[in-house]
Amino acid sequence: MLQITNLVKRYGSDEPVLKNLSLTVPERNVVSVIGASGAGKSTLLRCINRLVEPTSGDIELNGVNLTKLRGGQLRHARQRIGMIFQGFNLVERLTVMENVLSGRLGYVSFLRAAFRRFPQADIDRAFHFMERVGIAHYANKRADELSGGERQRVGVVRALMQEPEILLADEPTASLDPKTSEQIMALLRSLSEELSLPVLINIHNVTEAKAYTDRIVGMRYGRIIFDGAPTSLDEAAMDEIYAGTPVDDRAADQAAGRPLETVPS
Ligand SMILES: Nc1ncnc2c1ncn2[C@@H]1O[C@H](COP(=O)(O)OP(=O)(O)OP(=O)(O)O)[C@@H](O)[C@H]1O
Ligand SMILES: [Mg+2]
């Protein structure tokens with residue numbers, strides 16, 4: 001279970017990008033995070049895997065407070081967070097198998113990795129998941145020879161190789177055609193169920209979010225202003241999520257007695 005409490009992220013001395021945000025995602029819960037560009041969706045995911053440092057607040061994954069970890073403990077926790085990217089982030093000149101096994105790098109010693117000698121158990125695990133997502137026959141193909149949908153499947157398998165306790169996906173389907181997007185969304189949904197994982201997906205396509213996720217979280221300029229079932233995301237909620245500007249929000253904060261200075265820095 002992921003439990004975020006009063007998360008604040010401020011870049012430099014600017015207005016916070018995340019403002020006292022709290023969110024709980026249990027196992028087998030697939031959550032879409034929607035919201036206008038700049039709402040803070042990517043910052044939220046990056047705070048979870050500590051690619052950016054939260055300014056304050058707590059992020060607990062299965063009881064471990066990620067915000068307090070340093071050094072080896074942080075590396076270990078990060079290893080258990082599977083990240084899936086819009087641009088796939090594969091090593092183009094390496095094969096599918098090599099890309100997938102790179103998900104094990106936190107577990108395999110440097111020397112073994114340098115000589116590409118992975119334990120048989122890792123190779124078996126790789127084939128198991130490649131078969132699961134339908135790319136096993138591409139194991140020896142170079143990543144740059146694959147289509148977008150195939151690449152994203154490689155990205156998903158690489159994340160699964162980490163034995164993740166959560167999957168975080170930042171616009172995983174934004175570079176894919178509509179049909180392939182749906183397949184990837186369906187895949188993430190079934191993997192959440194099969195592996196009992198919480199899944200958090202940043203996504204702009206609201207139709208896909210509604211069709212393939214259990215729950216929708218609507219962000220607006222650093223706050224969660226909607227959190228509910230896809231069926232309860234009506235037009236009024238959509239307007240609230242997507243209408244307005246940061247300036248409107250600043251005025252609303254002030255009118256509601258939430259001056260920015262009260263946000264811890
Ligand atoms: N490294 C950074 N330094 C300073 N400001 C940043 C940094 N990263 C993001 N921001 C700012 O934080 C805000 C939220 O950005 P973020 O990327 O989280 O938005 P987003 O909701 O993911 O948007 P999009 O839908 O376009 O991906 C933006 O105003 C952005 O300019
Ligand atoms: Mg983003």
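Reply: What follows is a quick tour of a predicted model.

Me: Which residues are around ligand 1?
Reply: The shell has Tyr11, Val17, Ala36, Ser37, Gly38, Ala39, Gly40, Lys41, Ser42, Thr43, Glu171 and His204.

Me: How many of those are nonpolar, polar and charged?
Reply: Four are nonpolar, six polar and two charged.

Me: Which polar side-chain atom lies 2.8 Å from an oxygen atom of ligand 1?
Reply: One belonging to His204. Ser42 also takes part: an N or O atom in its side chain is 2.9 Å from a ligand 1 oxygen. For Glu171, a polar side-chain atom sits 3.4 Å from an oxygen of ligand 1.

Me: And how much of ligand 1 does the protein bury?
Reply: The protein buries 58% of the 640 Å² that ligand 1 exposes when taken alone.

Me: OK, strands. What is the order in the open sheet of four strands?
Reply: The order is β2-β1-β4-β5, and the pairing is antiparallel.

Me: Which are the edge strands?
Reply: β2 (18-25) and β5 (64-65). Each of those pairs on one side only.

Me: How many bridges join β1 to β2?
Reply: Five, with β1 covering residues 2-9. The two strands run antiparallel. Within that pairing, Gln3 stands opposite Thr24 of β2.

Me: Now β3. Mostly covered or mostly open?
Reply: Mostly covered. β3 spans residues 30-34, and five of its five residues are buried.

Me: Which residues are on which side?
Reply: Val30, Ser32 and Ile34 are on one side, with Val31 and Val33 on the other. Both faces are covered, as all of these are buried.

Me: In what sense do β3 and β8 pair?
Reply: Parallel, over four bridges, with β8 at residues 199-202. Val30 has Val199 as its bridge partner in β8.

Me: What about β3 and β9, how many bridges there?
Reply: Four, and those strands run parallel too. β9 covers residues 215-220. Val33 stands opposite Val217 of β9.

Me: Switching to helices. Which residues in α2 are buried?
Reply: Leu74, Ala77 and Gln79 are buried in α2, which runs over residues 71-79. β6 is included in what covers the buried residues of that helix.

Me: Loops next. Where is Thr95?
Reply: Thr95 is in the loop between β6 (81-85) and α3 (96-101).

Me: Why does Thr95 count as buried?
Reply: Its relative accessibility is 16%, so Thr95 falls under the 20% cut-off.

Me: Buried or exposed?
Reply: Gln162 is buried, because its relative accessible area is 13%.

Me: Which residues is Gln162 in contact with?
Reply: Setting aside neighbours within four places in sequence, Gln162 contacts Arg78, Gln79, Arg80, Ile81, Gly82, Gly103, Arg104 and Tyr107.

Note on methods
Residues are numbered from 1 along each chain as its sequence is written. Chains are lettered from A and ligands numbered from 1 in the order in which they are written. This is a predicted model: local features need pLDDT of at least 70, side-chain atom pairs count only at pLDDT 80 or more; totals for chains, interfaces and linings use all residues. Side-chain values use heavy atoms; hydrogens and water are left out. A residue is near a molecule or strand if one of its heavy atoms lies within 4 Å of it. A polar contact is a pair of N or O atoms within 3.5 Å; within protein, one must be able to donate a hydrogen and the other to accept it, and residues adjacent in sequence count only if both atoms are side-chain atoms. Accessible areas come from the Shrake-Rupley method with a 1.4 Å probe; for residues, only the protein chains shown count as cover. Ala, Val, Leu, Ile, Met, Phe, Trp, Tyr, Cys and Pro count as nonpolar, Asp, Glu, Lys and Arg as charged, and the others, Gly among them, as polar. Buried means under 20% relative accessible area, exposed over 50%, partly exposed in between (1.4 Å probe, protein chains only). Two strands pair if DSSP finds at least two bridges between them. Contact means heavy atoms within 4.5 Å.
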